[in-house]
Amino acid sequence: MFRHYKASSLLRQTLVGRTSVSSSLNCASAPQIILVHSQNRSYSKLNQDDVNHFKGILNKPEVAVIEDLEGTGSSSELSGYNTDWLNKLKGNSKLALRPSSTEEVSQILKYCNSRQLAVVPQGGNTGLVGGSVPLDDEIVLSLNRMNNIIGFDKNYSILKTQAGVVLEKLIEYLEQFGYMPPVDLGARGSCHIGGNLATNAGGIKLLKYNSLHANTIGLTAVLPDGTILDNMRALRKDNTGYHLKHLFIGSEGTLGVITEAAILCPKIPAAHNVALFALDNFDKVEEVLRASKDYLSENLTAIEFFDSESNNILKDHTKHRNPLGYSHNYYMVVEVSNFDNTSTAEENTKIIEDKFFGLFEKISTVIEDGVIAQDSSQREAIWNCRERIVEGFFKEGMTFKYDFSLPIDKFPVFLDKIRDKLGDHARTGGYGHIGDGNIHVNASIKGYDNLKLFKELQKELEPWVFSLVEDYEGSISAEHGIGSFKAPYFELNKSNKMVSVMKQIKGVLDPNGIMNPHKLFD
Ligand SMILES: O=C(O)CC[C@@H](O)C(=O)O
Ligand SMILES: [Zn+2]
């Protein structure tokens, strides 16, 4: 049984162990919706000589080159490289290349650049904005064979790794040293660290551990002309000139390919626990946020929220149940950690209990109800209430998915406006990373058989919603990136001057425009 917070009696809890926040989600079974099609610009057409060239330069060509030049559809493996995780896009690539070293990536790009062949770099292909699959017949450059962990520097807690390592493998590797990656996502079982870097992926840990921009100490990146930029000395302090690594982090594969990274890693907390609160209005959500930040300070490791529609969607489509039920307007998940490794397990338990007890005293008149986990499975159950909402919307039907940054006081009015706009056509929920101003809006129409309605609504909704975000001085992407889905709106959300400098940088590094065409810039 979960232990309930009640204003009259807060009982001491038993806190044990540590658990991952959730297992990986997988959207591979979704019915397919094709949303974007693009005719490539003046790229060359891939021919047999090109394929033979790649076979000649790559180690183990039998696994490094996956081709279907004739377009017979004989390679089902190629179909995986062509299809995005949400099953919203299907490209028409005839060739996927799987290099095994930075040198091979360099040779591939050099050749593609000289032949004007377009390239889509691909990591775990778990992105949500259509950024990692071809829109036409671009060559897929997959990093999935570059999956070696290079090592961990215990003096400076810096991990060195190849880009194609799955995030979960890094989590497991670092555990032996008592450390963890600074980033964690629902897709941890499939996403690659290189893809996380290329998209500057966020997630629930960002509040505490900051972004990948902040934690990346060094990178190796390959430019479209094959030049290797090796910055893997991994010096914590290196104040010499422009930090080119930042150009590649979040560039969504439009400037080059990240092949290695050196990442600063935080210690795994000695202990942690989570509580779930129910609230009746959004002002109170903000109050709990402020109280948690003020009172818990550095012990606050995550704070998330979800609204009642998101909670209902979870109930309707997944096996996960909210221990606080379904009658409240808002819910918040608060995670508290203790970092003092010299404390005993009992002391840790008490330290965390005291933290929650102190927080509860401050918010007891604000919350309607609350529970604290008593063991690792309850922690997971609480996290599932938040992390599995995605799965619920996905099962409801075709989903509009957004990841906005907004001033927090605009969250409720913003959601109301979207609900008004979509009317009865969709179920719309808001949830996300309240601690860093990032709201996810998911809106699902029922089922997968009304693509016409979906597209009609999209036409109405998107120009309007993205300009609303601009009016509110927010960002159209807090963490998922621009990809191809948001590319038409990218320039709306940035000043002309900024877009112009970005395009100049793109022009310098990728003058032939071979890298990930139609992503980021429309
Ligand atoms: O699928 C989504 O819309 C959000 C996914 C992820 O960023 C999350 O925070 O759960
Ligand atoms: Zn998120």
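This is a predicted model: local features need pLDDT of at least 70, side-chain atom pairs count only at pLDDT 80 or more; totals for chains, interfaces and linings use all residues.
A polar contact, for this talk, is a pair of N or O atoms within 3.5 Å; within protein, one must be able to donate a hydrogen and the other to accept it, and residues adjacent in sequence count only if both atoms are side-chain atoms. Hello everyone, and thanks for coming.

Residues are numbered from 1 along each chain as its sequence is written, chains are lettered from A and ligands numbered from 1 in the order in which they are written, and side-chain values use heavy atoms, with hydrogens and water left out.

Let's begin with helix 1, residues 48-57. Helices (H or I, at least four residues) and strands (E, at least two) are DSSP runs, numbered from the N terminus. At the start of helix 1, a side-chain oxygen of Asn 47 comes to within 3.0 Å of the backbone nitrogen of Asp 49.

Which residues of helix 1 are buried? They are Asp 50, Val 51 and Phe 54. Buried here means under 20% relative accessible area, exposed over 50%, and partly exposed in between (1.4 Å probe, protein chains only). The three sit on the same side of helix 1 because they cover an arc of only 100 degrees around the axis, the arc being that of the directions from the helix axis to the C-beta atoms. As a reminder, an α-helix has 3.6 residues a turn, so residues three or four places apart point the same way. On the other side of helix 1, Asp 49 and Gly 56 are exposed. The buried residues pack against strand 2 (65-67), strand 3 (95-97), helix 4 (102-115) and strand 5 (139-142), with contact meaning heavy atoms within 4.5 Å.

Now to the ligands. Which residues are around ligand 1? Among them are Leu 128, Arg 386, Val 390, Tyr 431 and Asn 442, where near means that a heavy atom of the residue lies within 4 Å. Lys 401 has a polar side-chain atom 2.8 Å from an oxygen atom of ligand 1, and His 480 also places one 2.8 Å from a ligand 1 oxygen. For the side chain of His 433, an N or O atom is 3.0 Å from an oxygen of ligand 1. On its own ligand 1 has 300 Å² of accessible area, and the protein covers 84% of that (Shrake-Rupley method, 1.4 Å probe; for residues, only the protein chains shown count as cover).

Ligand 2 is a zinc ion, and its protein donors are His 433 (NE2), His 440 (NE2) and Glu 479 (OE), at 1.7 to 2.1 Å. Donors are N, O and S atoms within 2.8 Å of the metal (3.2 Å for Na, K and Ca); water is not among the atoms, so sites may look incomplete. Along the chain, the spacing of these donors is H-x6-H-x38-E. His 440, in strand 17 (residues 438-444), and Glu 479, in the loop between helix 16 (451-471) and helix 17 (496-509), are 39 residues apart and link distant parts of the chain. His 440 counts as buried because its relative accessibility is 4%, and Glu 479 is buried too, at 11%.

Lys 60 is not a glycine, yet its phi is positive, about 50 degrees. Lys 60 lies in the loop between helix 1 and helix 2 (61-64).
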